[in-house]
Structures are given as C-alpha cells and as structure tokens.
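Please examine the sequence and the structure shown here before reading the report.

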Amino acid sequence: MKYEEFASPGAMYAEATRILNAGIARAGSRFAFALSGGSTPLGWFDELERHWRPPPKVAIDVYWVDERQVPFDHPDSNYGNAKRHWPGLARLRPHPLTETYPDNLQLDQAWLGMGNDGHTASWFPGETAWQHAASTVIAVPAPQHIAPHLPRLTLTPRIVLNAAEIVLMIAGPEKRAALAHALDPASGSPVSCLHTVFERLTVLSVA
C-alpha cells in the first residue's frame, strides 16, 4: 500500500490528477475508471473542470462505484453531483449507474472514499449481501445509521477489487484516525477488504 498525506486539499487533488493521467497513459487507446460519491471528491471534480482536459485519441469510459436511487437532478445523486461540479465530464463517456453494468467490466482505476463507519462504496457494516455477490451490481437497502437514508446501487467487490489500480481518497481527522483500524481485517469493517489488494492500493489523505 502506498500512503500519502497532504497539507491541503489542493495538493491532494493535484496528486489525484497525476494518478489519473498516469493511468490513462498506461492504458493506451481506451481507459475505464469508476468514481465514488460523497463530498470528498467534489473539490477534485472542480479542479478537473478548471484545469484538466482529456488527452486526444483516448476513449475514456467513466463508471460509478455506487449511486443513490434518486433522479440525477436530486442533490444526493452521485452522478448528478459529479456532473454539476465537472460539466466537462460530458466530453468523456459517462455511464451513470441506473441498473447494472456489463458482467465483464474491467476497470483500470477504481476511486473509493470511506465513511466514518468504515464503509466504502455502498458496502455497509452489518450487511452481508455485498460480501458474497457474484453479480456486477447489487441493490442496497437504505442505511439507517448514516445519511442520506436512501436505497443504493453499488458495484460489488468482484469488480472493484479486480481493478488494475485502486485509490482511496479521505479527508478530515476523523477519517484519518479511523483508517488504520478500518483497514485491519480483524475489524470487520467493509473497507478492510482492501487488505487483499494492498499491492494495488494508494491512499490519499488530507487533514
């Protein structure tokens, strides 16, 4: 695992963009990555809108790690928020998560976040369906312990953990303090499943 801690969000976003560009360069003519929702990546999307343009002659497919089951113009829609903060996303090939994705989906990069409860994607503590799912996407009931209390769709570990590169982006002292415990397999935390892919995992953290 590679762990990088930054003094400011801007420095973290710059490194995130460097990682994205490096992944695209390695992939060649086609690149597929999945984005997460939540508040942490929104600042990065703003930076991408201001300063980043897709390289020519590369087909870039964008998927979503998870989505709240609301209309895309709803303020809690992960796709809707990405589009609002990064209008240039339309220059790529976005694939909003509405029902499912192809069974053979192979990601070059999977971008994850982490909640204070140790969840990542929409894999929540106490839920077991995501742990054993053979499908690409599963429906998740509305969590009661964490907002927003909305039903979700989420990629399964079969897809996320098979990505060529996995990046976990966290912000804030609470999440930073929780990370070491959450990554311990003995914790039972959903994010602890990333211990099986440490050689492909990068953690970006800002206080």
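This is a predicted model: local features need pLDDT of at least 70, side-chain atom pairs count only at pLDDT 80 or more; totals for chains, interfaces and linings use all residues.

## Helix α1

Helix α1 covers residues 9-27, and its 19 residues reach 27 Å from the first C-alpha to the last, which is close to the 27 Å expected at 1.5 Å a residue. Directly after α1 comes G28, whose phi is positive and near 90°.

The buried residues of α1 are M12, Y13, E15, A16, T17, I19, L20, G23 and I24. As a general point, residues three or four places apart in an α-helix point the same way, because the helix has 3.6 residues a turn.

Nine aromatic pairs are present in the structure. In the pair formed by Y63 and Y101, the ring centres lie 4.9 Å apart and the planes stand at 80°, over the 60 degrees required, so the pair counts as edge-to-face.

This pair links distant parts of the chain, since Y63 belongs to strand β3 (residues 59-64) whereas Y101 sits in the loop between β5 (93-94) and β6 (109-112), 38 residues apart. Both Y63 and Y101 are buried.

## A stacked pair and a cluster

The rings of W123 and W130 have their centres 5.3 Å apart, and because their planes are at 5°, under the cut-off of 30 degrees, the pair is stacked. W123 is buried with a relative accessible area of 0%, and W130 is likewise buried, with a relative accessible area of 9%.

Elsewhere, ring pairs link W44, F45, W52, W86 and W111 into a cluster.

Definitions and conventions
Residues are numbered from 1 along each chain as its sequence is written. Side-chain values use heavy atoms; hydrogens and water are left out. Helices (H or I, at least four residues) and strands (E, at least two) are DSSP runs, numbered from the N terminus. The expected span of a helix is 1.5 Å times one less than its number of residues. Buried means under 20% relative accessible area, exposed over 50%, partly exposed in between (1.4 Å probe, protein chains only). Rings of Phe, Tyr and Trp (its six-membered ring) pair if their centres lie within 6.5 Å; planes under 30 degrees apart count as stacked, over 60 as edge-to-face and the rest as tilted.
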